[in-house]
Amino acid sequence: MSTRDSLRESRTGEEPGRPLKIAIADYPTIMRAGIASLLSEQADMEILSAGATADECLESLRALRRRTDVLLLVGLGIPGERGSFWLIRSVREQFPFVPILACGANPDDLTVSQALFTGADGFVNKDVEAGVFVDAVRRAARGEVVLEGVPDSWVGRIADNVEAEVSTEPVLTQREAEVLTVAAEGLTARQIGVRLGVRERTVTTHLGRIYRKLGAPGRVAALTAASEFGILALARRRY
């Protein structure tokens, strides 16, 4: 099962009519306030938090017990080492079921590609019409891969960029490396979850992301690829 299939499956049991909670992380105050105002006007949406830093966003997500109906909207302009891409990677590692939609103004295809490779599920240009922006948020929350407000000529380049990054330098998060190490012992997803103290579905999601990053159709192929890249040996030394 792919990561996106796992995410889509994880949301099938949500309560009808339950508002979509949205955490916004964006640096420009005016832009952040404008997006929050636009989304809060929607009857099916509720703003959980709107902050300028990655730390504020992570704290908001940790404070919420139920996270299957939360979407994270990340502006690709948060400065510093703990900036936008650090936040995307951290949320993907700590909250694998939270859909992440990146957004930005005047983006380039390499920036969008990096956001997707880091862990975002899609991108929406801040310059699109309000209705298009809101619809992109809803689609991302349903588990769709969203690319809105980018030139058609970029789509192929973005896919090529992400594929190139995966094939030349697959980077696993700390938790993914840990899951991969335990998976090498031949344990089931349930057994891996027990070992690591996480839910079976969380393990399945991590495995899906690992397979995608390594370009592998399943566990055996992923372990082979990880060995070839030297990732498995490094992970074993760490764990």
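Predicted model: local features only at pLDDT ≥ 70, side-chain atom pairs only at ≥ 80, totals over all residues.
Residues are numbered from 1 along each chain as its sequence is written, and side-chain values use heavy atoms, with hydrogens and water left out.

Still with everything selected, note that 49% of the 239 residues count as buried, a term that means under 20% relative accessible area with a 1.4 Å probe, protein chains only.

Next, select the six strands, which form an open sheet with parallel pairing in the order E2-E1-E3-E4-E5-E6; two strands pair if DSSP finds at least two bridges between them. The edges are E2 and strand E6 (146-148), each of which pairs on one side only.

Six of its six residues are buried, so E1 is largely enclosed by the rest of the structure. Leu20, Ile22 and Ile24 point one way from the strand, whereas Lys21, Ala23 and Ala25 point the other way. Six bridges join E1 to E2 in a parallel run, and lysine 21 stands opposite glutamate 46 in E2. With E3, the strand E1 pairs in the parallel sense over five bridges, and here alanine 23 stands opposite leucine 72 in E3.

Move on to helix H2, residues 29-40, whose 12 residues should span 16 Å at 1.5 Å a residue, and whose end C-alpha atoms are 16 Å apart, which agrees; the expected span is 1.5 Å times one less than the number of residues. Show the side chains of Arg32, Ile35, Ala36 and Leu39, the buried residues of H2. They cover an arc of only 100° around the axis, which puts them on the same side of H2, the arc being that of the directions from the helix axis to the C-beta atoms.

Finally, select helix H4 (residues 84-94), which lies across E1, E3 and E4 and runs at about 160° to E3; axes are lines fitted to C-alpha atoms, for helices over the stretch in contact, and angles run from 0 to 180 degrees between N-to-C directions.

Key. Helix = DSSP H or I, 4+ residues; strand = E, 2+ residues; numbered from the N terminus. Buried < 20%, exposed > 50% of the residue type's maximum accessible area, 1.4 Å probe, protein only. Contact = heavy atoms within 4.5 Å.
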